[in-house]
Amino acid sequence: MQDFWTEKFFPKGAEEFIGNTEIVEKSFEWAKKWAKGSGQPPLLFWGQSGAGKTCLAYLIARQFNWGIVELNGSMLRSKEVIERVAGAALQSASITGSKRLLLLDEVDALTRNDRGGAKAILSVIKESRNPVVITANDIFSNRDISQLRFVCRAFEFKKINYLSIAKRLREILELEKIPFDEDAVKELAQNSSGDMRSALLDLQTLSLSKNISMQDVASLSPRERQQKVFSVMKAIFKGTDFAQVREARSQSDLSNDMLFNWVEENIPRQYSSANDVALAFDRLSRADVFNGRIFNKQHWGFLRYSTELAAEGVALSKSSVSNDFVMYQFPGLLSMLSRTSSLRALKRELGSKIGAKTHSSSREVVSNDLPFFKMVFADKKKAVGCTALFGLTEKEVAFLLDTKPETKKVQSIMEESQKIIDERARPKRFFYGPVQEEDLQGPLHEEPGEGPESREAGDTDLREEEKGKQTRLF
Ligand SMILES: Nc1ncnc2c1ncn2[C@@H]1O[C@H](COP(=O)(O)OP(=O)(O)O)[C@@H](O)[C@H]1O
Ligand SMILES: [Mg+2]
């Protein structure tokens, strides 16, 4: 088999890495300090998938000639593996005396139940004598993982600009001597939504046709997606066998939202008997009750029941199967909702970030507290404090200020809050790296009464630390 283009065109060095340039620069500075023997806190790369989080970790190791020890997937679930492998990697130099970089890849694969793994990560990295890079797509999925922000230098990877992606894709096509249409490559880059991995894999698929045209690109995703939806709809509205419907539904990676909207739109079109329609809607409404609980209480375990009711439940609502051909209809509501869904998602995310600190549910925050926070944000100092405390994004800050993310006001709040976050994440000297000369001078213990900052060496209760800092922000 041919190599995947993600491997074949893996950047050879930082100069071939596109996007997120500031993160690249800062990470290399970080590595330089390590190379000079000055211990640094781990890096936490999070955000956009396919933007090069794992890739950058490898580039750093390569540049500094460090070995790399990588833990990912199920290995991260096991406290024992983390303690054994990561613990050993962090404490010792390799045989040649050079450093090793420990890469904990995709730590958000840990679910809320994997507390052992997340805790073990937190405790192992604290004693690190070697550089550590941690990557995650979403750091807010798990409370322990989100705590990593406070012991790491956190960098959020943003979408890669599609023009930069397009430029790189053109270079690759030229190397491969494949003729292409400029606009087609631009379109492909745009469709990848800032994800270089998906751009490269799409490009490789199209490269088989020996000439990349607009038509090829158009044929890629939407059609595939539509076919997927149609086959699930067919299984639901024509099928009568629970297991077969389930199989069709789980084979497609149709999201719960999409499934729900498509089924809702099509029940009255596909079922003709009033009883069938009533029963189907009854099951769908039960699915919706579960959806409500999932959003409000974040009980993701209910997703299983919700999808099962919306698919298998609706399928088994019919008394007989009609042989009439009725075209499946694209949900009308969906196009309306998709316009407002990003705003709803933003409010929900904002609600859950604030709620996590104020001990209220996302829904309570959205309905009761957002107007209050909008008022608080009128005061810049408080806005900066809140942004750092809740870990808000540009978009969320812009929403609270009723303005656009690119405005100076938002940018300056983001910068100042980042300073607070960096300050919080600054390493405590006794945790990292070999002892420096200046460590041996001065008092052994900090003077008492230094406020929330002062704590005993070895105190590992991050929540306590966090609590102390909260009070300082306002
Ligand atoms: N910024 C980038 N510049 C160049 N190639 C990239 C970049 N980001 C990702 N890639 C390519 O995409 C592949 C997947 O990237 P990866 O680092 O695994 O993404 P992430 O870890 O952020 O999900 C890499 O093997 C590399 O070929
Ligand atoms: Mg990765």
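Colleague: Before we start, what are the ground rules here?
Modeller: This is a predicted model, in which local features need pLDDT of at least 70 and side-chain atom pairs count only at pLDDT 80 or more, while totals for chains, interfaces and linings use all residues. Residues are numbered from 1 along each chain as its sequence is written, and side-chain values use heavy atoms, with hydrogens and water left out.

Colleague: Where does E106 sit?
Modeller: E106 lies in the loop between strand 3 (100-105) and helix 5 (115-126), where helices (H or I, at least four residues) and strands (E, at least two) are DSSP runs numbered from the N terminus.

Colleague: And what is the phi of E106?
Modeller: Phi of E106 is near 55°, a positive value in a residue other than glycine.

Colleague: Switching to D402, is that residue buried or exposed?
Modeller: D402 counts as exposed, at 62% relative accessibility, given that buried means under 20% relative accessible area, exposed over 50% and partly exposed in between (1.4 Å probe, protein chains only). D402 is placed in the loop between helix 18 (394-400) and helix 19 (408-425).

Colleague: New topic: which residues of helix 2 and helix 3 meet?
Modeller: From helix 2, I23, V24, S27, F28 and A31 meet L56, L59, I60 and Q63 of helix 3, contact being heavy atoms within 4.5 Å.

Colleague: How does that contact divide by class?
Modeller: The contact of helix 2 with helix 3 has seven nonpolar, two polar and no charged residues, with Ala, Val, Leu, Ile, Met, Phe, Trp, Tyr, Cys and Pro counted as nonpolar, Asp, Glu, Lys and Arg as charged, and the others, Gly among them, as polar.

Terms used. Chains lettered and ligands numbered in written order.
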